[in-house]
Amino acid sequence: MIDQIVKSITDPSFLIAMVVASAVFVTVFTALPALGGNPLKSRMKSVALERDELRAKQRARLAAEADRRRKGLREEQSIGMRNIVDRLDLRRALADENTVAKLKVAGFRGQNPLTKFLFFRLILPFVGFALGLVYIFLLGGLPEQPLVVKIFVCILLAYGGFYAPIVYVSNRATKRKESIQRAWPDALDLMLICVESGMSVEAAFRRVADEIGAQSVDLAEEFVLTNAELSFLQERKQAYENLAARTGLDSVKSVAQALTQAERYGTPVAHALRVLSNESREMRMNEAEKKAAALPPKLTVPMILFFLPVLFAVILGPAGIQVSERAIFAN
């Protein structure tokens, strides 16, 4: 049975048929896009529909936030968490200005996120320690390790629970910065168009917030907040500084300083926005070039593991087939 299978596989007619079938498949697969016509119209139509849907959702969300802000509604804090944090005075022990700034950069504003952050920093160490005790002493984990190592593992879990909220906030802040950074040059271009068309800075912020929501919800939210602060703050400089502080990006700080100087000295805002937009695009292009330059070292190991074995199989495959054929004929 095995000899028949090997003979059928090594039959030249069978190999020729497989090669021809593979060539026909590759040819058909390659020619399908050309036979299907120009997919640009269908792609643009789908993108336009998706963009309109995302824009509608973003406008509905922003309208709901504006209504909630006008009505004076605030996020209700958990009474139990707030009482524990206030009694233990965790704000003085575990929070400072840097903690509040990191929470703002991560998108957590107000007292309720700070209360939850301090509460979880208090509770998670005990939870981690308790889970370690249950796993080691009740479920029989690490049976071959001495008692000192087991206790050290429990303490290590408690230590990880203490710093888990910080890691979570840092990850959220990093992702939020990346989202804002990607959409920031396009937002500056839109703002430049709005300003050159005669709109005020407040109206430009509002208009750009409606348009940029399909690309970055975080940036649209920041523009809405900046627009609100420009309306009720006594100094417009404070609104721009708050925008830079909430985002934590150098490019946003540069734009905030340019807008402040433009209002103080009466310089054209459009010229400053045009220069800063070009700089932001150059920075984004430099980041893309850095990532592209880092690809060859990263692709070395995958090529060694996956590409070279296939290459050796393709090169040595015909030789192996010839050897097997000679062995069959010799028998």
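Me: What share of the contacts between residues at least 6 apart in sequence joins residues at least 24 apart?

Reply: In this predicted model that share is 66%, where a contact means heavy atoms within 4.5 Å. Because the model is predicted, local features need pLDDT of at least 70 and side-chain atom pairs count only at pLDDT 80 or more, while totals for chains, interfaces and linings use all residues. Residues are numbered from 1 along each chain as its sequence is written, and side-chain values use heavy atoms, with hydrogens and water left out.

Me: How many helices and strands does the protein have?

Reply: There are 14 helices and zero strands. Both are DSSP runs numbered from the N terminus: helices are H or I with at least four residues, strands are E with at least two.

Me: What makes the reach of helix α12 close to the expected one?

Reply: The expected span is 1.5 Å times one less than the number of residues. Helix α12 (residues 250-265) has 16 residues and reaches 22 Å from its first C-alpha to its last, close to the 22 Å expected. Its buried residues, including V252, V255 and L259, pack against α8 (147-196), α9 (201-212), α11 (236-247) and α13 (269-293). Just after α12, G266 has a positive phi of about 75 degrees.

Me: Why is the pair of E222 and R176 called a salt bridge?

Reply: The term requires a side-chain nitrogen of Lys or Arg within 4 Å of a carboxyl oxygen of Asp or Glu. The side chains of E222 and R176 meet at 2.2 Å, N to O, so the pair meets the definition. E222 lies in helix α10 (residues 217-232) and R176 in helix α8, 46 residues apart.

Me: Why is E222 called buried?

Reply: Buried means under 20% relative accessible area, exposed over 50%, and partly exposed in between (1.4 Å probe, protein chains only). E222 has 0%, and therefore counts as buried. R176, at 5%, is buried as well.

Me: What do R281 and D186 form?

Reply: They form a salt bridge, at 2.9 Å from N to O. R281 lies in helix α13 and D186 in helix α8, so the pair ties together parts 95 residues apart in sequence. R281 is partly exposed, because its relative accessible area is 31%.

Me: How many salt bridges does a search of the whole structure find?

Reply: The search finds 15. One of them joins E202 and R236, with the closest N and O atoms 2.3 Å apart.
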